[in-house]
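Reader: I would like to go through some side-chain contacts and the terms used for them. Please set each value against its cut-off.

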Amino acid sequence: MDIRGTDVELRQLRCLVAIVDEGTFTDAAIALGVSQAAVSRTLASLERALRVRLLRRTSRHVAPTGTGLRVVAHARRVLAEVDGLIREATSGHAHLRIGYAWSALGRHTPAFQRRWAQAHPETDLHLVRVNSATAGLAEGACDLAVVRRPLDERRFDSAIVGLERRLCAVAADDPLARRRSIRLAELSGRTLLVDRRTGTTTAELWPPDSRPATEETHDVEDWLTVISAGRCVGMTAEATANQYPRPGIAYRPVRDAEPIAVRLAWWRDDPHPATQAAVELLTTLYRNG
């Protein structure tokens with residue numbers, strides 16, 4: 001049977017499910033708020049479209065055929081998916097998902113969550129960790145993203161909400177851990193552990209003739225594990241030290257490295273209604289330290 005070009009409508013599926021659930025055409029019509037004749041026509045149009053008989057009808061009872069049982073099961077799944085799609089599309093004002101790759105907002109993370117709940121109780125806030133270049137924005141995992149390097153300006157808009165110091169991460173027993181601060185030149189002979197997808201540090205921070213060797217990682221937990229063993233050092237935003245303190249890791253400021261701009265990013269053509277409120281609150285938190 002060739003059913004290419006067959007059009008099945010959601011109202012037809014809802015009608016079929018209502019008939020099966022209610023047991024009669026009359027009760028299905030009441031549940032759907034239409035006439036019994038409309039129920040009969042809708043079911044007949046679905047059977048014509050599918051070219052199969054879906055129900056056995058007697059004067060008192062309606063029961064699905066074998067094919068009808070399978071179609072009803074599929075119809076329930078389709079309708080549930082559509083209902084979920086509608087809820088997702090219409091709940092944008094009720095939920096705000098903010099993605100981040102490594103460290104959310106550092107020491108400001110708890111304050112941001114608490115103050116958001118107080119100021120915007122109608123919009124649930126969820127922080128989501130996604131280790132991608134856009135912190136989940138391009139993947140649809142979040143509505144806004146905390147990023148620490150510029151994104152593609154053709155697709156995304158962003159606002160700088162604050163600045164963070166660059167810190168060096170070394171093993172707790174490393175000689176550099178005894179220093180109050182470090183200079184870039186002191187890391188030239190070390191191996192630098194970097195995440196090229198999401199990280200803020202590359203060897204280009206150093207002059208061409210004194211760049212450190214690099215190794216790659218793709219996860220903050222792996223980064224911490226390798227550094228604590230003393231094999232590599234790392235450089236990261238101040239927020240990482242606040243979010244991931246470790247007994248085996250020492251974080252020290254790099255006093256001659258430029259600070260890192262913290263950005264809140266969103267889709268250029270589809271900003272979340274709460275975007276401006278989030279930008280303003282974060283800017284206030286960073287400004288007040």
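Reader: How many aromatic pairs does the structure hold?

Author: The structure holds 3 aromatic pairs. A pair means rings of Phe, Tyr or Trp (its six-membered ring) with centres within 6.5 Å; planes under 30 degrees apart are stacked, over 60 edge-to-face, and the rest tilted. This is a predicted model, in which local features need pLDDT of at least 70 and side-chain atom pairs count only at pLDDT 80 or more, while totals for chains, interfaces and linings use all residues. Residues are numbered from 1 along each chain as its sequence is written, and side-chain values use heavy atoms, with hydrogens and water left out.

Reader: Why is the pair of Trp 102 and Trp 223 called edge-to-face?

Author: The ring centres are 5.2 Å apart and the planes stand at 65 degrees, so Trp 102 and Trp 223 form an edge-to-face pair. Trp 102 is in the loop between strand 3 (95–100) and helix 5 (109–119), and Trp 223 is in helix 6 (residues 220–228), so the pair ties together parts 121 residues apart in sequence. Helices (H or I, at least four residues) and strands (E, at least two) are DSSP runs, numbered from the N terminus.

Reader: What makes Trp 223 count as buried?

Author: Its relative accessible area is 1%. Buried means under 20%, exposed over 50%, and partly exposed in between (1.4 Å probe, protein chains only), so a residue under the first cut-off is buried. Trp 102, at 12%, is buried as well.

Reader: What is the aromatic pair of Phe 112 and Trp 116 called, and at what angle between the planes?

Author: Phe 112 and Trp 116 are tilted, with 45 degrees between the planes and 6.1 Å centre to centre. Both lie in helix 5, 4 residues apart, which means a separation of about one helical turn. Phe 112 is buried at 0%, and Trp 116 at 1%.

Reader: How do you know that Asp 143 forms a salt bridge with Arg 97?

Author: The closest N and O atoms of Asp 143 and Arg 97 are 3.2 Å apart. A salt bridge needs a side-chain nitrogen of Lys or Arg within 4 Å of a carboxyl oxygen of Asp or Glu, so a distance under that limit qualifies. The two residues are 46 apart in the chain. Asp 143 is buried at 18%, whereas Arg 97 is partly exposed at 23%.

Reader: How many salt bridges does this rule give?

Author: The count comes to 17 salt bridges. Among them is Arg 231 with Glu 215, at 2.7 Å from N to O.
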